[in-house]
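Thanks for coming. I have one structure to go through today, so please look at the sequence and the model while I talk.

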Amino acid sequence: MPRRLLIICLAGSLIFTLALWGCNGPQGNFDQNQIKLGMTKAEVVRILGEPQERETKTLGPSNGEVLRWRFGPRTVVLTFTKNQLSGRQIVGPAKKTRDS
């Protein structure tokens, strides 16, 4: 019986920890207002963590980089030109507000 109780407690702790991470980790706390045009890649990565995808693109006369982060059903797409954030887009359902 004590072994069974220990397994149940450990499983419950793991589920609770994962739930907290989902709510309070970088993915759950993504706020588009904290990401501002002109920020460097390093500043953005410090906030969002490493992106899941990187892509180099020709953007007008210079090359740029498109980085993508997936946060649940949403994908954050950020474009960098000369190491500065030059465009941002959020694809997927918007975060619900109290009025929704």
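This is a predicted model: local features need pLDDT of at least 70, side-chain atom pairs count only at pLDDT 80 or more; totals for chains, interfaces and linings use all residues.

**Salt bridges, sheet and core**

What does the side chain of Glu55 meet in a salt bridge? The partner is Arg68, with 3.0 Å from N to O. This pair links distant parts of the chain, since Glu55 sits in strand S1 and Arg68 in strand S2, 13 residues apart. Glu55 also belongs to a network: salt bridges with shared partners join Glu53, Glu55, Lys57, Arg68 and Arg70.

Another pair in that region is Glu53 and Arg70, whose closest N and O atoms are 2.0 Å apart. Here too the pair links distant parts of the chain, with Glu53 in strand S1, residues 53-59, and Arg70 in strand S2, residues 62-71, 17 residues apart.

One more salt bridge is formed by the side chains of Glu50 and Arg54, at 2.8 Å from N to O. Glu50 has 53% relative accessibility and therefore counts as exposed. Arg54, at 47%, counts as partly exposed. How many salt bridges are there by this rule? The count comes to 7. For those new to the topic, side chains of opposite charge can pair when their charged atoms come close.

Now the overall layout. The protein chain has 2 helices and 4 strands. Read from the N terminus, the order of elements is α-α-β-β-β-β.

How are the strands arranged? They make an open sheet of 4 strands in the order S1-S2-S3-S4, and the pairing is antiparallel. S1 and strand S4, residues 84-91, are the edge strands, each pairing on one side only. From one strand to the next, the twist averages 25 degrees. As background, strands of a sheet pair through backbone hydrogen bonds, either parallel or antiparallel.

Take the two ends of the sheet in turn. S1 and S2 run antiparallel and are joined by 7 bridges. One example is Thr58, whose bridge partner in S2 is Asn63. The hairpin of S1 and S2 has 2 residues between the strands, and Gly60 in that hairpin takes a positive phi near 65 degrees.

At the other end, strand S3, residues 74-81, is joined to S4 by 7 bridges, and these strands also run antiparallel. For Val76, the bridge partner in S4 is Ile90. Helix H2, residues 41-48, packs on the sheet and touches S2 and S3. The direction of H2 makes about 5 degrees with that of S2.

While we are at S4, look at Val91, which lies in that strand. Val91 has a relative accessible area of 40%, so it is partly exposed. Which residues is Val91 in contact with, leaving aside neighbours within four places in sequence? They are Pro73, Arg74, Thr75 and Val77. With Arg74, the separation is 17 residues in sequence, but 5.5 Å in space from C-alpha to C-alpha.

Next, the inside. Which residues make up the largest nonpolar core? It has 12 residues: Ile35, Met39, Val44, Val45, Leu48, Leu67, Trp69, Phe71, Val76, Leu78, Phe80 and Leu85. At least two residues of this core come from each of H2, S2 and S3. In soluble globular proteins, nonpolar side chains tend to be buried together.

I will end with some totals. The protein chain has 100 residues, and buried residues make up 25% of them. Its accessible surface comes to about 7,400 Å², with 58% belonging to carbon and sulfur atoms. Among contacts with a separation of 6 or more, 29% are between residues 24 or more positions apart.

How values were computed. Residues are numbered from 1 along each chain as its sequence is written. Side-chain values use heavy atoms; hydrogens and water are left out. A salt bridge is a side-chain nitrogen of Lys or Arg within 4 Å of a carboxyl oxygen of Asp or Glu. Buried means under 20% relative accessible area, exposed over 50%, partly exposed in between (1.4 Å probe, protein chains only). Two strands pair if DSSP finds at least two bridges between them. Axes are lines fitted to C-alpha atoms, for helices over the stretch in contact, and angles run from 0 to 180 degrees between N-to-C directions. Contact means heavy atoms within 4.5 Å. Accessible areas come from the Shrake-Rupley method with a 1.4 Å probe; for residues, only the protein chains shown count as cover. A nonpolar core is a set of buried Ala, Val, Leu, Ile, Met, Phe, Trp, Tyr and Cys residues joined through side-chain atoms within 4.5 Å.
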